[in-house]
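Let's take a friendly walk through a protein model.

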Amino acid sequence: MSGLLAALRSAVFVLFMTVTVIPWALAVLAASVFVRGAPLYWMCVGWLRVVIWGARWICGVRHRVHGLEHLPTAAQGREAVLLAPKHQSTWETFALPTIMPHPLAYVFKRELLMIPFFGWAMGRLDMIHIDRSRRTEAWHKVAAQGRRLMAEGVWVIMFPEGTRTPRGGQGTYKTGAARLAIATGTPIVPIAVTSAKCWPRKSFLLRPGVIDVSIGRPIAVQGREPDELMREVEHWIEAEMRRLDPEAYVAGAKPAAS
């Protein structure tokens with residue numbers, strides 16, 4: 001019975017997202033003729049807040065955030081960081097912009113721009129969309145745009161594993177985020193997110209519960225090598241994931257060595 005109720009609530013939630021994204025995206029497209037940058041970004045974040053609100057009140061998905069004090073505040077202006085979160089679900093892609101005090105620029109595959117309404121609105125924002133089949137060209141684009149955006153006080157966000165991993169799983173941590181952080185002299189912030197507890201990857205079946213978002217201290221990048229820096233990020237995230245969601249990991253499992 002609980003499974004059926006979760007399925008019904010999830011169906012209502014998906015309908016809720018669909019009904020709200022269409023007029024919101026059309027409003028963003030119309031507004032983009034006159035305004036760009038931060039005002040348009042926060043307009044889009046308004047819809048993300050609605051989605052997170054809907055996940056809570058329709059499906060019982062709540063969240064709590066630890067470590068916000070580790071981040072520069074909005075009052076600190078152009079001080080930039082590069083966010084490197086664990087990626088388990090669609091949830092964190094929607095939730096992190098609503099949590100962070102600064103505009104974010106995602107690095108994402110350009111195919112997402114083809115999603116009706118949602119992708120069209122995202123295409124009007126100053127994000128970094130790349131062609132994954134052209135790795136060298138993609139890296140140069142990430143480096144150039146990332147440097148420009150962070151100089152403007154925008155925080156870049158990259159998922160080190162590249163794709164969503166199942167609950168209790170661990171993907172390969174790629175060095176792209178570490179390379180960009182070193183190239184721009186920007187501290188990198190590891191983030192653990194237990195979103196698969198409530199919203200598994202490749203699924204729109206949401207279950208009630210609490211998602212923990214744990215923000216680590218910024219890691220300085222001066223004098224570091226990308227591989228070694230990413231190992232530190234990986235070690236912090238995976239150790240924190242096991243602390244926050246121990247039942248998801250098999251007995252005796254250990255985080256990657258630092």
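The protein has a mean pLDDT of 88, and 92% of its residues reach 70 or more; pLDDT is the predictor's confidence in each residue, from 0 to 100. This is a predicted model, in which local features need pLDDT of at least 70, side-chain atom pairs count only at pLDDT 80 or more, and totals for chains, interfaces and linings use all residues. Residues are numbered from 1 along each chain as its sequence is written, and side-chain values use heavy atoms, with hydrogens and water left out. Over residues 252–258, pLDDT stays under 50. For that stretch the model has 11 contacts (heavy atoms within 4.5 Å) beyond four places in sequence.

**Two helices side by side**

Helices (H or I, at least four residues) and strands (E, at least two) are DSSP runs, numbered from the N terminus. The axes of helix 1 (residues 2–31) and helix 2 come within 10 Å and cross at roughly 170°. These axes are lines fitted to C-alpha atoms, for helices over the stretch in contact, and angles run from 0 to 180 degrees between N-to-C directions. Helix 1 and helix 2 are therefore roughly antiparallel to each other, a label for angles over 145 degrees. Among the residues that meet are Phe13 and Trp24 in helix 1, and Trp47 and Ile58 in helix 2.

**The core**

Which residues have the most contacts inside the largest nonpolar core? They are Phe13, Leu83, Trp91, Met100 and Ile188, in a core of 79 residues. Helix 2 gives the largest share of this core, 11 residues. A nonpolar core is a set of buried Ala, Val, Leu, Ile, Met, Phe, Trp, Tyr and Cys residues joined through side-chain atoms within 4.5 Å. Leaving out residues up to four places away in sequence, Met100 touches Trp42, Leu71, Leu83, Trp155, Ile191 and Ile215.

**Buried or exposed?**

Buried means under 20% relative accessible area, exposed over 50%, and partly exposed in between (1.4 Å probe, protein chains only).

| Residue | Relative accessible area | State |
|---|---|---|
| Pro39 | 52% | exposed |
| Glu161 | 3% | buried |

Pro39 is found in helix 2 (residues 38–59). Between Pro39 and Pro103 there are 9.7 Å in space, C-alpha to C-alpha, although they are 64 residues apart in sequence. Glu161 has its place in the loop between strand 5 (155–157) and helix 6 (176–184). Beyond four places in sequence, Glu161 touches residues including Lys86, His87 and Glu238. In helix 6, Gly176, Ala177, Ala178, Leu180 and Ala181 are buried.

Technical notes: Angles under 35 degrees count as roughly parallel, over 145 as roughly antiparallel, 65 to 115 as roughly perpendicular and the rest as oblique.
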